[in-house]
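Here is the note on this structure, arranged as numbered points. Please read each one with the model open beside it.

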Amino acid sequence: MENSTSCPSTPRWNIERPFLTGHFHQEIKHSSQHTHYKGYSSETFSPGSKSPIGCYHASVQELLMIDDLLSALVGIEGRYTSIKRVSGKDGRFKFQVDASMDLALQELAKRIFPLCENFLLMNQFVESRSQFKNGLVNHAFAAALRALLLDYQAMVAQLEHQFRLGRLSIQGLWFFCQPLMGSMQALSSVIQKSSGENFAGSAVLNLLQSQAKAMSGDHVVRSLLEKMTESASSAYLSILERWVYEGVIDDPYDEFFIAENKSLQKEALVQDYDAKYWQQRYSLKEDIPSFLSNAAESILITGKYLNVMRECGHNAQVPVSDNSKLTNFGTNHHYLECIKVAYDFASGELLNLIKEKYDLMGKLRSLKRYLLLDQGDFLVHFMDIAREELAKRLDEISVEKLQSLLELALRTTAAAADPCHEDLTCCVERSSLLKRLSTLKDLDVNRPVSDSNGLEEPISVTGLETFSLIYKVQWPLSLIISRKALTKYQLIFRFLFHCEHVNRQLCGAWQNHQGVRALKTRGTGITRSSLLCRSMLKFINSLLHYLTFEVLEPNWHVMHCKLQTAKSIDEVIRCHDFFLEKCLKECLLLLPEVLKKVEKLKSICLQYAAATQWLISSSIEMSSGTATTDSDSVLKFEREFNFELQTLEPILNSYSQAEPYLKHLAQWILGVKDDH
């Protein structure tokens, strides 16, 4: 077994003194060349050291052969039997008998020799698999085999006693050995496969169980193999019990089918966009015991939930009774019921902990209030007092000043009543929204075939395009509101924030127009400009209405209802992630071709709003000739705006086949009627 886990080493004397280990039948001939053990030299065991057995009468041959066979049954060579290593098969031995022996006796001896060879194989396996490095399952399997071999040796001792009393013939010996042949052969077959593939842990259990099923026609052998499987699995079930009842992996030899990646820390959830803590901190290995394969996912999740609660300092141990001990995996499948009970407890307990103690819904409502602009009074106040700072270039903006202004806006509006407002901070991103979206490769962005007509990156990016909010989230809420989830909230916020900015600028332009209504503006560009301003306001207000009331509110309501009935944290995570993905998509952030058109329209609106005061002043103060030039400027804005609006319609129509929600957007922005 390849194992990086450090484990104690076997003492040297366990190798150097083979008579203490049961390896003497393998080592004696090699060691006898250097050391002479009294009474146990290779000459003593060699068939040629005495007169050939064929020199004796058949009755005497039978007695000599029974004596040798009793020794062979426990792996010891006799006067007329010898052990030979099978060439090409490591660890396999074959018994041989003096060729001069009576043929009938030879035939009976050869029938018993497989039992002797199986004993040698099992004894060798017990010795080798009892070493520390082979793992708990092999230790338990070897212990069960050792107990079986002790019973076997007791039987041999009883047969020897009968032989000393003169009550045992070679036919009688065969009679008593015959019932053991099938069981010993089945175990030897398992041992050969296990040794050949160097199995450990789950592989040993699967091998035993599959062999037991293959022996369904032999009740005795099958019962023995099932007993061996039960014994070998006891240590494995102890590891499983600690995992599903405490959330702890106590696996010193790396045998459990759940792997722990300690390099992944929970702190990464709020720092790394691609954090894989929840998916990969604990994961399933490929080698799963067959009797646990159907419940493997539930076992993994149960321990993960308990582990989360334990790291929160919450007493998260599943109530255990004598009836719920995972002592065996018998045919009644009681262990599956215990696992289900543990899963239900862990799932419900963690869900209650996060909902009640850590106020999950309160945090999500707070995120909606600030990052999805559900409560806009603080934002209006902030945009008023931070207007000058946000209008600066990126390298000129003071984030500290913006933070102080944000705190002022939060303290002086209704947001002050929200205890979560202190978790809110601000930041200024280093790239525009479109560029930021292009860097997030995991998003399911529906990229157009050609980007040749796309919107170019603005030459001068200000804080108005890059301002964003940061929301502090603590463990264990970071499982749900992770860095990736917060990034998605921020993308939506930046889009909404900039739309609000465009709306405010156009409202300012509209107020400028209203201020000159009393003046005689007929024949100037003001009338045309007023109509254009109204069209732009309709566009941006329709867009904001769509984003708020057609996308965010309905999807939030659906998620809120699902969270109320969720049964586990994984279900909560799935609902929340689905909500964010759906909002990103329906807010056009995953449709670059549509988004670029919308950004272009907003850009025209901002250019027009910035020029409005100049246009109005020029129209009033200058001569009628110059006013014509002003009208031309208004006409230029009008043509650009109408052109972009008209080219947006076929794009929305093409996408609406696959994305029906775009029909709502077309209805609001373009006034397109729904045919259905």
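**Notes on helix packing, buried sites and backbone geometry**

1. In this predicted model, helix α4 (residues 58-72) and helix α5 (residues 103-129) have axes that come within 11 Å and cross at roughly 5°. Since angles under 35 degrees count as roughly parallel, α4 is roughly parallel to α5. On the α4 side the contact is made by Ala58, Gln61, Glu62, Met65, Leu69 and Ala72, and on the α5 side by Leu105, Ala109, Ile112, Phe113 and Cys116. Sorted by class, this contact of α4 with α5 holds nine nonpolar residues, one polar residue and one charged residue. As background to the spacing of such contact residues, an α-helix has 3.6 residues a turn, so residues three or four places apart point the same way.

2. Glutamate 62, which lies in helix α4, deserves a separate look, as it is among the residues that α4 brings to the contact with α5. When neighbours within four places in sequence are left aside, glutamate 62 is in contact with Leu105, Ser169, Ile170 and Gln171. Glutamate 62 and glutamine 106 are 44 residues apart along the chain, and their C-alpha atoms are separated by 9.8 Å.

3. Helix α6 covers residues 135-164, which makes 30 residues, and from its first C-alpha to its last it reaches 43 Å, close to the 44 Å expected at 1.5 Å a residue. Glycine 166 follows α6 and has a positive phi, near 80°.

4. How do α6 and α8 lie relative to each other, and which residues meet there? The axes of α6 and helix α8 (residues 202-214) come within 8 Å and cross at roughly 45°, and the two helices are therefore oblique to each other. From α6 the residues Val137, Asn138 and Phe141 meet Val204, Leu205 and Leu208 of α8. By class, the contact of α6 with α8 has five nonpolar residues, one polar residue and no charged residues.

5. Leucine 410 lies in helix α16 (residues 399-411) and counts as buried because its relative accessibility is 2%, where the cut-off for buried is under 20%. With neighbours within four places in sequence left aside, its contacts are Tyr370, Phe378, Ala415, Ala416, His421 and Leu424. Leucine 410 and leucine 379 are 31 residues apart in sequence, while their C-alpha atoms are 8.6 Å apart in space.

6. Is serine 431, a loop residue, buried or exposed? Serine 431 sits in the loop between β5 (424-428) and α17 (433-439), and its relative accessible area of 18% makes it buried. Not counting residues up to four places away in sequence, serine 431 touches Arg436, Thr466 and Arg494.

7. Leucine 373 is not a glycine, yet it has a positive phi of about 55°; it lies in the loop between α13 (360-371) and α14 (377-385) and is buried, with a relative accessible area of 14%. Aspartate 254 likewise has a positive phi, near 55°, and is found in the loop between α9 (219-246) and β3 (258-260), where its relative accessibility of 43% makes it count as partly exposed.

8. The peptide bond from tryptophan 475 to proline 476 is cis, with omega near 10°. Proline 476 is found in the loop between β6 (467-471) and α19 (483-515).

9. Turning to the whole chain, the protein chain has 24 helices and six strands, and buried residues make up 49% of its 676 residues. Of the contacts with a separation of 6 or more, 75% are accounted for by residues 24 or more positions apart. The protein chain exposes about 33100 Å², of which carbon and sulfur atoms supply 51%.

Technical notes. Residues numbered from 1 in each chain as written. Predicted model: local features only at pLDDT ≥ 70, side-chain atom pairs only at ≥ 80, totals over all residues. Heavy atoms only, no water. Helix = DSSP H or I, 4+ residues; strand = E, 2+ residues; numbered from the N terminus. Expected span 1.5 Å × (residues − 1). Axes fitted to C-alpha atoms, helices over the stretch in contact; angles between N-to-C directions. Parallel < 35°, antiparallel > 145°, perpendicular 65-115°, else oblique. Contact = heavy atoms within 4.5 Å. Nonpolar A, V, L, I, M, F, W, Y, C, P; charged D, E, K, R; others polar. Buried < 20%, exposed > 50% of the residue type's maximum accessible area, 1.4 Å probe, protein only. Areas by Shrake-Rupley, 256 points an atom, 1.4 Å probe, with all protein chains shown as cover.
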